[in-house]
Amino acid sequence: MTNQYYVASSLDGFIADSDNRIDWLLRFGTADFDDAYQRFLAGVGAIVMGSRTYEFLLSEGGGEWPYSVPTVVLTHRDLPVAVAGADIRFLSGDIDAVAAELDALSGDRAVWVVGGGDVAAQFAAAGRLHTVIVTMMPVVLGSGIRVLPVTELLELELVSSLPLPQGAVELTYTVTGSRDS
């Protein structure tokens with residue numbers, strides 16, 4: 001199955017500012033980007049995210065869980081279940097084992113590596129990241145949480161670019177190799 005990291009980033013490669021906030025992104029709103037998001041989401045069969053992303057969604061969700069597909073949260077801590085009836089699973093350990101469970105959960109659709117960047121980097125290091133879809137927003141933050149904090153070379157091939165409203169551009173890359181491959 002395909003593991004896809006789908007994320008928005010500042011032009012200088014940050015997904016959150018140095019205070020771990022995304023106010024800079026939220027100011028763009030969602031209406032102009034909903035078609036691209038819904039197109040992507042239609043191909044998703046399961047989601048994986050880190051605990052900070054999960055906790056952010058809990059705090060911002062108003063009691064609603066935004067996803068209807070199974071969600072795996074990578075954590076070593078005990079965390080609350082978001083909403084009764086939501087299919088949320090808490091896992092830790094080897095990324096290969098996590099990826100195998102995600103493959104089973106996603107059926108014939110893709111796995112969305114939501115975030116954060118550390119989770120995507122773990123999938124990349126394990127050779128389990130296949131696609132990177134990043135919407136580059138027309139803002140420069142100067143510092144913050146990196147979009148993909150890999151520690152080894154990761155080679156990408158541009159598959160498509162899609163101009164979006166407000167000066168954003170969605171870039172889709174296939175992961176073609178790493179230093180170890």
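Reader: What share of the 181 residues of the protein chain counts as buried?

Author: This is a predicted model, in which local features need pLDDT of at least 70 and side-chain atom pairs count only at pLDDT 80 or more, while totals for chains, interfaces and linings use all residues. Residues are numbered from 1 along each chain as its sequence is written, and side-chain values use heavy atoms, with hydrogens and water left out. A residue is buried under 20% relative accessible area, exposed over 50% and partly exposed in between (1.4 Å probe, protein chains only). Of the 181 residues of the protein chain, the share that counts as buried is 44%.

Reader: How many helices and strands does the protein chain have?

Author: Helices (H or I, at least four residues) and strands (E, at least two) are DSSP runs, numbered from the N terminus. Counted in this way, the protein chain has five helices and ten strands.

Reader: What is the radius of gyration of the protein chain?

Author: The radius of gyration is taken over C-alpha atoms, and the globule rule to set beside it is 2.2 Å times the number of residues to the power 0.38. For 181 residues this rule gives 16 Å, and the value of the chain is close to that, so the chain is as compact as a globular protein of that length. Along its principal axes the C-alpha trace spans about 45 × 40 × 30 Å. The radius of gyration itself is 16 Å.

Reader: Among contacts between residues at least 6 apart in sequence, what percentage join residues at least 24 apart?

Author: A contact means heavy atoms within 4.5 Å. Among such contacts in the protein chain between residues at least 6 apart in sequence, the part that joins residues at least 24 apart is 69%.

Reader: How many aromatic pairs are there?

Author: Rings of Phe, Tyr and Trp (its six-membered ring) pair if their centres lie within 6.5 Å, and planes under 30 degrees apart count as stacked, over 60 as edge-to-face and the rest as tilted. By this rule the number of aromatic pairs is nine.

Reader: What is the angle between the planes of Tyr6 and Phe40?

Author: These two rings form a stacked aromatic pair, 3.9 Å centre to centre. Tyr6 lies in strand β1 (residues 3-10) and Phe40 in helix α2, so the pair ties together parts that are 34 residues apart in sequence. Both Tyr6 and Phe40 are buried. The angle between their planes is 5 degrees.

Reader: Is the aromatic pair of Tyr54 and Phe90 stacked or edge-to-face?

Author: Tyr54 sits in helix α3 (residues 51-60) and Phe90 in strand β5 (residues 88-91), so that the pair links distant parts of the chain, 36 residues apart. Tyr54 counts as buried because its relative accessibility is 0%, whereas Phe90, at 29%, is partly exposed. The ring centres are 5.5 Å apart and the planes are 85 degrees apart, and the pair is therefore edge-to-face.

Reader: Which residue does the side chain of Asp32 make a polar contact with?

Author: Asp32 lies in the loop between α1 (23-26) and α2 (34-41), and is partly exposed at 37% relative accessibility. Not counting residues up to four places away in sequence, Asp32 touches Pro165 and Gln166; Asp32 and Pro165 are 133 residues apart in sequence but 6.0 Å apart in space, C-alpha to C-alpha. A polar contact is a pair of N or O atoms within 3.5 Å, where within protein one must be able to donate a hydrogen and the other to accept it, and residues adjacent in sequence count only if both atoms are side-chain atoms. At 2.7 Å, the side chain of Asp32 makes such a contact with the side chain of Gln166.

Reader: What is the phi of Gln166?

Author: Most residues other than glycine have a negative phi. Gln166, found in the loop between β9 (154-163) and β10 (169-178), is not a glycine, yet has a positive phi of about 65 degrees.

Reader: Which residues does Ser106 touch, not counting residues up to four places away in sequence?

Author: Ser106 lies in helix α4 (residues 95-106), and counts as buried at 4% relative accessibility. Leaving out residues up to four places away in sequence, Ser106 touches Met1, Gly45, Ala46 and Val111.
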